[in-house]
Amino acid sequence: MLHLFDTARGVVRPLEPRDPGKVSIYACGPTVYGPPHLGHGRNTLAYDILRRYLEWAGFEVTFVSNITDIDDNIIKRAATEDRPWTEVAERCEVQWYRAMAALGIRRPDHDPHATGYVDGMVALIGRLVERGLAYETGDGVYLDVGQVDGYGLLAGQPLESLRSGARIEANEDKRSPLDFVLWKLAKPGEPSWPAPWGDGRPGWHTECVVMALDLLGDGFDIHGGGLDLRFPHHENERAQAVAEGREFARLWFHNGMLEIDGEKMSKSLGNVRNLLDLVDEYDPRAFRLLVLQAHYRSPMEVSDAVLQAATTSVQRLDSFARRFATSAAQVDADPAALERFRAAMDDDLSTPAAVGLLFELVRTANADGDEAAAAAALEIAGALGLELRADGGDIGDDAMELARRRDDARAAKDFVAADALRDELVALGYEVADTPAGTELRRA
């Protein structure tokens, strides 16, 4: 059984699906006002890996990730560029999905857009106002968090502690500095929707509550995103559901932050790196491998050096796949190896252990010609979304066959034959490199 760290409870605990054999997941998606950065890449890969593993383990997964297509940042970007806010959102969403596709991240089953759910958000806010849990001010409608049982659960702090440490804001109409906006009254020239409290738009924290409960229903299984969303965003989502008397997420899943050259990636440090630049410069699978090599809750280091090392590792895996993809398909994967993979992943999604096992199986297959080990390695790579290239890309079929024969000769210690095959490959115009994974070819 899969065990995951539940941020709400602060412990690793079993995932106990609401519906047997099915898992429902909601992940906070992008606010589309700029290109995606590496932090977005890590976050979306964490969910892609979780989703793929659950499906490999036999679960039917429904995965929802939203698109925030109306927001203060979108409006500011539109004003700066003197273009419609809808155009900014649409263009940036295209960039988002281009990057996701490059990383091999499968699209959600549902990607609801905030602008498509405004009526539902108005209805939710109206019910909270009617029950006296939300109140109007001069600039909108706010939730009174003092009336929400257990507010502060995801932050790991009681309400009074949060209140005493809250930053004092200029809005004197708020009953508490922790109260957050549900509905923002529109300023002149801003996009708006009609509502009983005045034309405006929903607050960010309200969007996901309505979309998640509409598409996944009460008590869905997993909700989360990056650790930076734990508080206040996710806490404020949860607060609205609690105030409504609804059961929200059963387990909260949060991934750790990214470090660029040893420093936390942040806008204040000016080290935010564009994900589109990375997938254009490096093999995108190298970034997936880096994510897999770091536990999802741990900080993850990204630098050119580690990306280059990961690229080399991916090339080794490709060489292995070229050697074994055809023959391994004819045998059953080593069941003991697959059980070890399952045990690693069930232990709070321990992808570092799973990747270690993958490379162990690759070494065994290369050294001993173990087809069952090779089949297990190929299945594990697929379950992790690490697509290996057995076709050699621009390497011709004749050269691939010579490389396979050369690997077999080296494994049999027939170095005379291996050297002769090397000469043939060089004559065909290839650079030949000996790697732990086997013969690696590049166009000369």
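## Where α9 meets α12

In this predicted model, Leu289, Val291, Leu292 and Gln293 of helix α9 are in contact with Thr351, Pro352, Val355 and Phe359 of helix α12 (contact means heavy atoms within 4.5 Å). Sorted by class, this contact holds 6 nonpolar, 2 polar and no charged residues (Ala, Val, Leu, Ile, Met, Phe, Trp, Tyr, Cys and Pro count as nonpolar, Asp, Glu, Lys and Arg as charged, and the others, Gly among them, as polar).

Helix α9 covers residues 284–293 and helix α12 residues 351–368; their axes come within 7 Å and cross at roughly 115°. Axes are lines fitted to C-alpha atoms, for helices over the stretch in contact, with angles from 0 to 180 degrees between N-to-C directions. Helices (H or I, at least four residues) and strands (E, at least two) are DSSP runs, numbered from the N terminus.

## A four-stranded sheet

Next, look for the open sheet of 4 strands, ordered β4-β3-β9-β10 with parallel pairing (two strands pair if DSSP finds at least two bridges between them). At its edges are β4 (60–65) and β10 (251–255), each pairing on one side only. Helix α7 (residues 230–244) packs on the sheet, where it touches β9 (222–226) and β10.

## His233 in helix α7

Helix α7 includes His233, which counts as buried because its relative accessibility is 2% (buried means under 20% relative accessible area, exposed over 50%, partly exposed in between, with a 1.4 Å probe and protein chains only).

## About the model

Residues are numbered from 1 along each chain as its sequence is written. In this predicted model, local features need pLDDT of at least 70, side-chain atom pairs count only at pLDDT 80 or more, and totals for chains, interfaces and linings use all residues, while side-chain values use heavy atoms, leaving out hydrogens and water.
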